Amino acid sequence: MSNASPTIKAAPGARPGPEGAVPWVTLSTVMIGMFMAILDSFIVVVAGPAIRTELRATASELQWVLAGYQLSYAVVLITGGRLADLYGRRRVFVIGTAVFTLASLACAVAGGPGVLIGARVVQGLGAALMVPQVFTVITLTVSARNRHRVFGVLGVVMGMASVSGQVVGGLLIGADLFGSGWRSVFWVNIPIGIATVVLALAYVPESRAERTRKLDVPGVLVLSAALLLLTYPLIQGRDAGWPWWTWACFAASALAFALFVALERAVDRRGGEPLVKLSLFAQRSFSLGIVLVIAVYALLTSYYLALSVSMQEGLGMSALGAGLVYAPAAVTFFVCGLIAGRLVPKYGRRVLETGAVVLSAGYLTTAVVLLSGPRLTPLLVIPTLMLQSVGGGLLITPLLNTVLARIDPQTAGMASGSLSTAQQVGAALGVAVVGAVFFRAFHTGAASGDRVHAAGHAFALTSLTACAIAALAALLVFLLPKAPPAKP
């Protein structure tokens, strides 16, 4: 690994603060991009029924409106981080934001499901260029002593984008701004995206890795194929009934990953620049952290999808009403996330341990309450959702700093891309596993005609499954290194 440090050139209009100061304008700008990218993974869930009705989309086409974004996003993330190392983090972030914004415009004016699906795929490509740069900019512009605080804020931003997607989507659709209906969930991205591009050009410093050679094209192709073969059946397998081709894809994915590892080792041995330095995974905090991120994000997407379906299809609530069920949990997450950022410097890993245990207890409590007899109502689950958010705020907020704290700035781009990919793979895995538990139980119970009881029973089983995954996450947290990294 090269010992060269990254080159950072101040952008026009940048205002560097005193030594050790946190450049909040710069960081806020890139975090807006992160918020939009994550929000668009969730906000469309609540808009699904309206999209299907207006565009006369089939169930499969609606699934691809959701899956097309996730698929392109997941497959290109690591490459997005590497391209930024080569050609400049600010440049790639601006290009990604522009692509995301233009694709949002195409989504907003789409006249049919095919156009909407295509625009969503392009939107995912834009997100994959934006997101890895957020982690890298933080690593490069914030001192080690302040980084835990900034990663704490980023954790809150990411968590809020995940848990507030239903709320924001419900509010936008319920408001029906200018008669736009579901299209407002895409229109809202356009002014925000334009403002983000302008701010990035003015306040985000350009940086790239020194001594970086050409892009590892064979690595890009093989890794993209491996991720595609993994995520496509995860996203589509449940609805297809897990036919033979899904398992064939999983097997081919394993072979492709093995080939990728062999290729990267060969490139490294001959002194080239691999797409991913495998030595990253020799660091326990990073390798365990990647698995932990997969587990945590497997919970977020799938659990809130199950709750959304329970509220709308089980209880017959509107998109706005279902979204408001999340509001108390979102506020709780925000508050606990801010608290976690202040506690970590003093208590370290114990904050994450507490969060993981409380998160598991929150899922278990939800299951116990619903299985004890009462019929599902919003008031019944809001307190347990808030308990989950206490744990999630304490766990997710400091998690990013834990995973990236020991990363050399020279490999920040590829590490960030790997972390972002883990989030998307975790989300797809969660929908496949947890979603299968929920939808099988819900559809079986709904066949009897009592959709409220079916939703309550299915959501209870989903909560038990989520509790098991959260318990695994807790175990991984206890295996993380205790000592903080040495400050430079």
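R265 sits in helix α10, which spans residues 244-269; helices here are DSSP runs of H or I with at least four residues, numbered from the N terminus. The model is predicted, with local features needing pLDDT of at least 70 and side-chain atom pairs pLDDT 80 or more, while totals for chains, interfaces and linings use all residues. Residues are numbered from 1 along each chain as its sequence is written, and side-chain values use heavy atoms, without hydrogens and water.

R265 has a relative accessible area of 51% and is exposed (buried means under 20%, exposed over 50%, partly exposed in between, with a 1.4 Å probe and protein chains only). Together with K214, R269 and R270, R265 forms a patch of positive charge on the surface. Such a patch takes residues with over 30% relative accessible area and no salt bridge, like charges being joined within 9 Å.

A salt bridge requires a side-chain nitrogen of Lys or Arg within 4 Å of a carboxyl oxygen of Asp or Glu, and the count by this rule is five. One of them joins R120 to D40, with the closest N and O atoms 3.8 Å apart. R120 belongs to helix α4 (residues 113-141) and D40 to helix α1 (residues 24-55), so the bridge ties together parts 80 residues apart in sequence. R120 is buried at 1% relative accessible area, and D40 is buried at 0%.

Another salt bridge pairs D450 with R375 at 3.2 Å, N to O. D450 lies in the loop between α16 (412-446) and α17, and R375 in the loop between α14 (349-371) and α15 (378-404), 75 residues apart. D450 is partly exposed at 28%, as is R375 at 47%.

How values were computed: Patch = residues over 30% accessible without salt bridge, like charges linked within 9 Å, V, L, I, M, F, W, Y side chains within 5 Å. Areas by Shrake-Rupley, 256 points an atom, 1.4 Å probe, with all protein chains shown as cover. Lys, Arg positive; Asp, Glu negative; His and termini not counted. Charge placed at Lys NZ, Arg CZ, Asp CG, Glu CD. Helix = DSSP H or I, 4+ residues; strand = E, 2+ residues; numbered from the N terminus.
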